[in-house]
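Good morning, and thank you for coming. I have been asked to present one protein model to the group, and I would ask you to look at it with me.

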Amino acid sequence: MPLSEHEQRLFEQIERSLAEDPKFASAVRASDPRFHARRRLLVAAGVVVVGLALLVYGAVIKTPPLAVAGFVVMLAALGYAVQSHRRSQSPDLHVVGGTTSRRRSRGRAGRRPSLLDRMEDRWRQRPEGHR
């Protein structure tokens with residue numbers, strides 16, 4: 001149902017007053033899940049660079065354990081970045097009371113069902129005579 005003209009004017013007035021409040025804007029930004037996801041991606045990128053530096057340094061001074069450690073650090077940071085990116089793209093991420101929460105749904109909407117889910121569906125849909 002569309003808002004009346006009076007309600008639209010009130011809504012725009014509230015928007016303007018909230019936009020002018022820097023304390024409110026920073027509080028909203030701090031509780032925004034996208035802000036945290038972006039920060040995690042930046043941290044992961046920094047750790048990837050550190051891991052790459054360790055890898056190159058270990059190869060230059062011919063210390064295989066240091067090079068392997070750099071590779072492991074890089075790999076872990078990339079895994080963390082991918083996980084953070086997937087979380088940030090999730091449609092069920094909500095801000096509730098200033099904290100982020102993730103709603104767990106039983107049906108995996110938007111995702112491809114797992115093998116176990118498909119097998120359970122086939123079991124439920126089998127003909128009555130085979131029970």
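I shall begin with the overall layout and then turn to the helices, a surface patch and the salt bridges.

First, the basis of the work. This is a predicted model, in which local features need pLDDT of at least 70 and side-chain atom pairs count only at pLDDT 80 or more, whereas totals for chains, interfaces and linings use all residues. Residues are numbered from 1 along each chain as its sequence is written, and side-chain values use heavy atoms, with hydrogens and water left out.

The protein has 5 helices and 2 strands. Helices (H or I, at least four residues) and strands (E, at least two) are DSSP runs, numbered from the N terminus. From that end, the order of elements is α-α-α-α-β-β-α. Of the 131 residues, 11% count as buried; buried means under 20% relative accessible area, exposed means over 50%, and partly exposed lies in between, with a 1.4 Å probe and protein chains only.

How do helices α3 and α4 lie relative to each other? Their axes come within 7 Å and cross at roughly 165°. The two helices are therefore roughly antiparallel, a term for angles over 145 degrees on a scale from 0 to 180 between N-to-C directions. Helix α3 covers residues 33–60, and helix α4 covers residues 64–89. L78 lies in α4 and is partly exposed, at 43% relative accessibility. The C-alpha atoms of L78 and V48 are 6.8 Å apart, although 30 residues separate the two in sequence.

Next, the surface. L52, V56, Y57, V60 and I61 form a nonpolar patch with about 470 Å² of accessible area together. Such a patch joins nonpolar side chains (Val, Leu, Ile, Met, Phe, Trp, Tyr) within 5 Å, from residues with over 30% relative accessible area and no salt bridge. The areas come from the Shrake-Rupley method with a 1.4 Å probe. V56, one of the patch residues, lies in α3 and has a relative accessible area of 45%.

Finally, how many salt bridges does the whole structure hold? The search finds 2, each being a side-chain nitrogen of Lys or Arg within 4 Å of a carboxyl oxygen of Asp or Glu. R124 pairs with E120 at 3.5 Å, N to O, and both lie in helix α5, residues 115–124. D121 forms a salt bridge with R124 at 3.1 Å, 3 residues away, about one turn of the helix.

Note on methods
Patches are made of residues with over 30% relative accessible area and no salt bridge: like charges are joined within 9 Å, nonpolar side chains (Val, Leu, Ile, Met, Phe, Trp, Tyr) within 5 Å. Angles under 35 degrees count as roughly parallel, over 145 as roughly antiparallel, 65 to 115 as roughly perpendicular and the rest as oblique.
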